[in-house]
Amino acid sequence: MTGHIYFIGAGPGDPDLLTLKAQKLIAAADVVLYAGSLVNPAVLAHAPAHAEIHNSAGLSLEQQIEVMASAAAAGKAVARLHTGDPTIYGATLEQMRELDRLAIAYTVVPGVSSAFAATAALKTELTAPNQTQTIIFTRLGGRTAVPEAENLASLAAHRSSMVLFLSTGMIARVVKELTGAGYPADTPVAVVFRASWPDELVIRGTLATIAGQLEAAEITHQALIIVSPVLSAEGRQVADSHLYGAAFAPSARRDAPAIISLTRAGTGTARRLLAQLPGAVLYAPERFVTAADRAAGIIGYDTSVRQVLQSAFAEHSALICLMATGIVVRDLAPVLRSKHSDPAVVALDEQGRHAISLLSGHKGGANALAQQVAKALGGLAVLTTASDGQRLPALDLLGREAGWQLERPEQLTAVIAALVNGEAVAVYQNAGNDDWLPDPLPPNLTRYPSLAALAAAAPAAALFITDRIVPARLRAAAPKSAIYRPPSLVLGVGCNRGTPAAEILQNVRDALTAAGLSPLSVAAVATIEDKRDEIGLLEMCERQNWPLKIFSRAEIAAIENLPNPSEWAQKALGVAGVAEPAALLAANASELLLEKQKYPNVTVAVARKS
Ligand code: SAH
């Protein structure tokens, strides 16, 4: 084992919780880097006498890489120790990126996470039948931000087991967010300080008491917070029902809108609407439901409208409520979670004059539904989301039907804010349909014909809609930027029998990189009928979620004037090539973006869909 770096999980503290593999690697290491006080010095005792030992706590990332890289260059073995398991909040990714850049080899060795040592200290299990089958590992945002979609309140909506790392110093915020998510004050919470160390401390309390208990014990770090139904009722019995029964929201919603009426006139309007919204379900007060209604599948209710609204909220992807907005707001307030998961809610007056998009306007589809309802009833849709009010395009909805992918979704919010706030937003688009661009363009939105022109304009924000790789230096021209990847590329692929999926994928990546194209824009892979059962090719497509298009020898042979005909293919398959004609056929294109690239076992060509 020379000239190699091992990222090793050093376990939660107890040196006996080191894996045998970790112990062996440390014993054979020339250089050991360990992550400060979280790694037990007893673990370091396995290192040989000659080993150089560094505490990474005092080193910058550059310095750490320098230590590792120079050791690896000198043919030494490096043991890079991380607390617990290195794959959870390990800050290993940035090190790996640097090592990749320097082409230095490394291996990752798992370890026992503190999450498991802490649960062991609690003598319980994080999953339990009838209680929860899911564990969420998370943290509060601090110096490292947590994506908005993962805020604690929305995660808490699952009522699953939750383990919070790096958050005891912010216990007051944890309590506030969980309380805000509907957890009662008497919800049990456990904190485990220094799990598996000799001075391990377990504190059990409730949401109401835990902050005070931590303050009294002076615990601010090196501890985990665990919230879970398994902690309730002495941690053994089925969770008590007021806590985890009524408040529990099923997450799979029916893909049909619920129409809910409250008055006689409203029920009349609802019947008209139902006739125009196939698949919708109408809930009406029992006393207004006729025999004909029942035969038509209309459901009568004699409970409170609040109950109907709340259960429809849990069960349907959209709600159309024929009643005052005040009723809807008050009755749904307790069950709201987040714009990322709540169903669309449209409120409608009983005559159907105004269809108000109330909740989940964009992602949940309430704006579109309000427009559909207004059209069906001859009324007016009322939209209040900022981008609609200013007649700006909703950047978070672009290319939804066409399958555009956002490269780094968290970056879009800043671009949307820039657009809504009137800052200069630049667009570069070379792929996908551009009919989303309003005509005329809003004054602060400008489209540029090239990446270079966009960079030269130095806008406040940039939106790239492209299958091209955007070089970092051009991207940096705008402080805020986001990239959409329309599925515009087709890969033509040929390969020798038995070539493994990983090799084909590597060559595909190489070819795309050579052409400056993004793998996120791959729409499909195309090949010849002889490769219909080529396992590596099928497996790659399956894993990457790329459809595979198969063309017959005759179809392939009909494509003439290939840039790079192959004698071998002519002899073996009776066609002039595979990769190039397959790409052209599947893309319905007349020229290639990338001519055939030849690798030892694989050929790749790329065309853009026309
Ligand atoms: N990779 C580590 C986590 C590193 S982040 C793992 O898998 O365990 C550091 C955080 O882990 C600390 O803020 C604390 O929340 C938690 N932690 C690490 N060691 C711990 C221990 N022995 N007991 C309790 N929490 C611990």
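Strand 18 and strand 22 (residues 480–485) run antiparallel, joined by 2 bridges. Strands here are DSSP runs of E, at least two residues long; helices are runs of H or I, at least four long, and both are numbered from the N terminus. The model is predicted: local features need pLDDT of at least 70, side-chain atom pairs count only at pLDDT 80 or more, and totals for chains use all residues. Residues are numbered from 1 along each chain, and side-chain values use heavy atoms, without hydrogens or water.

**The sheet.** Tyr484 in strand 22 is the bridge partner of Leu406. The open sheet has 5 strands, ordered 18-22-21-19-20, with mixed pairing. Two strands pair if DSSP finds at least two bridges between them. Strands 18 and 20 are the edges, each pairing on one side only. Helix 16 packs on the sheet and touches the strands tabulated here.

| Element | Residues |
|---|---|
| Helix 16 | residues 412–420 |
| Strand 19 | residues 425–429 |
| Strand 21 | residues 461–465 |
| Strand 18 | residues 405–406 |
| Strand 20 | residues 445–448 |
| Strand 22 | residues 480–485 |

**Arg80.** This residue lies in strand 4 (residues 77–82). Arg80 is buried, meaning under 20% relative accessible area with a 1.4 Å probe. The side chains of Arg80 and Gln95 make a polar contact at 3.0 Å; such a contact is a pair of N or O atoms within 3.5 Å, one able to donate a hydrogen and the other to accept it.

**The whole chain.** The protein chain holds 23 helices and 27 strands. Of its 610 residues, 48% are buried. Its C-alpha trace spans about 85 × 80 × 50 Å along the principal axes.

Note on methods. Contact = heavy atoms within 4.5 Å. Axes fitted to C-alpha atoms, helices over the stretch in contact; angles between N-to-C directions. Buried < 20%, exposed > 50% of the residue type's maximum accessible area, 1.4 Å probe, protein only. Lys, Arg positive; Asp, Glu negative; His and termini not counted. Salt bridge = Lys/Arg side-chain N within 4 Å of Asp/Glu carboxyl O.
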